[in-house]
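Here are a few friendly notes to read with the sequence and the structure side by side. Take them in order, and look for each residue as it comes up.

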Amino acid sequence: MLQVQDHSIRPLTTAHLAQTMSLLALSNQELREKVLAEVAKNPALELVEERVCPGCQRKLHSRGPCPACSSQAPQDHAIVFLSPRDFTRPSTGRQLEETPPEQEPAAPEDIAIHVLQQLAADLLPEDRRLAAYVLSSLNEEGFLQDAPAYLARATSSTLTQVGRVLDMISHADPPGLATEGPRQALLVQLDILEDQSPLVGLARQILESAFAELGRRDFERIAVLVAAPVAQIRLAAAFIHDNLNPYPARAFWGSGRQPAGADPNVYHQPDIQISRPQTENGGPLVVEIFAPIAGWLRVNPLFRQAAQPAAEGQSEEWTKHLERASLFVKCLQQRNNTMRRLMQILVADQGEFIRSGDRFLVPMTRAKVADRIGVHESTISRAVAHKSVALPNGRIIPLTRFFDRSLSVRERIKELVGAEPQPLTDDQIAALLRREGVRVARRTVAKYRAIEGILPARLRHRRAIPAAAGI
DNA sequence: CTATGGCACGGATT
DNA sequence: AATCCGTGCCATAG
């Protein structure tokens with residue numbers, strides 16, 4: 001039911017504990033940077049790219065236990081670029097659900113001006129108007145909304161002109177702008193990187209013939225499609241993730257405004273993925289806790305050997321490195337362990353929520369979970385912070401959502417209000433909820449209404465579409 | 001008098 | 001220790 005690696009390691013020292021705590025609170029993205037930094041400065045740490053079975057040292061080609069000796073393989077998931085599905089918005093209900101505001105396109109004009117300025121020199125005078133028109137016609141993601149033929153007609157230009165201008169725009173600063181979609185944007189960006197890496201060719205091949213598979217991280221399948229070894233595919237995927245941006249316009253907006261750090265609303269790469277391989281009816285849920293790095297980390301055995309026979313001058317520094325390295329590795333394992341146990345409980349308790357939606361979220365507190373796992377509640381707090389999880393239906397939500405005590409009730413209120421012919425007062429709603437076994441104060445109903453953007457009964461009159469307009 | 005929004009207290013989170 | 005969230009109490013708009 002849960003496929004994750006596990007080395008149960010208990011805290012040993014206060015230093016260990018402290019570091020585990022700080023690592024626990026990091027998202028994958030942040031952890032990745034942390035790990036790379038640590039590896040860079042500590043020679044005793046070794047990042048092993050190949051997946052090797054810890055038991056028999058055989059190379060592994062697929063997930064799961066080693067086929068030869070069946071010991072658990074280290075958890076390893078290459079970090080892949082965000083697939084389109086990673087951005088899936090809850091489009092089911094008519095309400096805007098979670099995913100709050102999402103950075104407003106600051107001002108589309110900004111990006112247009114930015115691009116026009118770059119192109120000013122190279123742009124033929126007769127193409128100017130066309131370029132401006134094209135830039136203004138892009139959708140919020142920076143992609144083309146209209147077919148080239150349409151653009152040509154609208155500006156009475158020739159198709160060649162349009163093609164030329166589109167080409168120039170897409171290769172300008174936020175590269176990939178004015179393309180048809182994420183895939184085309186990525187391809188254009190590859191053009192620009194042409195000679196940067198030997199992986200470009202393979203990456204292009206993947207984008208062209210296995211884009212959907214890439215989104216699903218189905219490396220085995222990709223390998224078949226493009227006839228290349230899986231290891232290569234992983235490298236190429238990592239390259240794509242690290243160097244390309246499927247939504248060029250977002251990068252542009254993001255650059256000037258949000259300082260990247262603060263819990264952005266756009267979840268690029270989920271830290272955890274819950275899927276349900278057995279189609280339909282209750283198959284088991286599979287939880288994948290993504291590792292921040294493809295490959296795994298260990299204390300370099302050679303370094304350990306080398307440091308061993310020494311007690312002399314320099315070895316002191318080496319010993320320090322060794323200690324720090326092994327501490328770091330243990331902390332990472334501790335982190336994995338905590339995350340794994342946390343997810344076990346979440347899946348067990350909230351299976352219905354995961355499968356069927358917000359209404360079935362049962363209220364639970366971090367404290368209770370902490371109790372069951374046997375750790376301090378602040379540990380759970382950290383474990384849950386800054387993480388995102390992809391549900392089987394493709395939605396990506398913050399892990400803290402599992403602890404939202406009011407979500408299911410708010411959901412129910414939305415339903416009640418949406419369904420009832422007569423405007424229900426807060427008291428009536430509270431009564432209805434109580435009948436369903438939900439004990440909430442009338443005052444609280446009012447608060448939830450406010451949160452959901454539902455007007456008070458008085459103003460709701462008739463058939464008011466709970467449009468969350470305004471703002 | 002009834003339905004709501006404002007303010008403040010107590011427990012949960014960070 | 002600093003904050004956030006659910007509630008109770010109270011004043012105010014209908």
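**Notes on the DNA contact and the side-chain pairs**

1. Start at the DNA. Around DNA strand C you will find Ser406, Arg439, Ala441, Arg443, Thr444, Lys447, Tyr448 and Arg458; a residue is near a molecule or strand if one of its heavy atoms lies within 4 Å of it. Of the atoms of DNA strand C that come within 4 Å of the protein, 69% belong to sugar and phosphate.

2. A word on the ground rules. This is a predicted model, in which local features need pLDDT of at least 70 and side-chain atom pairs count only at pLDDT 80 or more, while totals for chains, interfaces and linings use all residues. Residues are numbered from 1 along each chain as its sequence is written, chains are lettered from A and ligands numbered from 1 in the order in which they are written, and side-chain values use heavy atoms, with hydrogens and water left out.

3. Which helix gives the largest share of the surface near DNA strand C? Helix α19 (residues 442-452) does, with four residues. Helices here are DSSP runs (H or I, at least four residues), as are strands (E, at least two), numbered from the N terminus. By type, the residues of this surface are two nonpolar, two polar and four charged. Ala, Val, Leu, Ile, Met, Phe, Trp, Tyr, Cys and Pro count as nonpolar, Asp, Glu, Lys and Arg as charged, and the others, Gly among them, as polar.

4. An N or O atom in the side chain of Thr444 is 2.2 Å from a phosphate oxygen of DNA strand C. For the side chain of Tyr448, the distance to a phosphate oxygen is 3.2 Å.

5. Next, the salt bridges (a side-chain nitrogen of Lys or Arg within 4 Å of a carboxyl oxygen of Asp or Glu). The structure holds 11 of them. In one, Glu38 and Arg324 bring their closest N and O atoms to 2.5 Å. Glu38 belongs to helix α2 (residues 28-41) and Arg324 to helix α14 (residues 315-356), so this pair ties together parts that are 286 residues apart in sequence. Glu38 is buried at 2% relative accessibility, whereas Arg324 is partly exposed at 40%. Buried means under 20% relative accessible area, exposed over 50%, and partly exposed in between (1.4 Å probe, protein chains only).

6. Please follow helix α17 (residues 407-419) too. Glu415 in this helix pairs with Arg359 in the loop between α14 and α15 (366-373), so parts 56 residues apart in sequence are tied together; the N to O distance of this salt bridge is 3.3 Å. Lys414 and Glu411 form another salt bridge, at 3.6 Å, and they sit three residues apart in helix α17, about one helical turn. Both Lys414 and Glu411 belong to a network of salt bridges that also links Asp404, Arg410 and Glu452.

7. Finally, the rings. How do Phe353 and Phe402 pair? They are edge-to-face, 5.2 Å centre to centre with 80 degrees between the planes. Rings of Phe, Tyr and Trp (its six-membered ring) pair if their centres lie within 6.5 Å; planes under 30 degrees apart count as stacked, over 60 as edge-to-face and the rest as tilted. Phe353 is buried at 1% relative accessible area, and Phe402 is buried at 0%.

Methods: A polar contact is a pair of N or O atoms within 3.5 Å; within protein, one must be able to donate a hydrogen and the other to accept it, and residues adjacent in sequence count only if both atoms are side-chain atoms.
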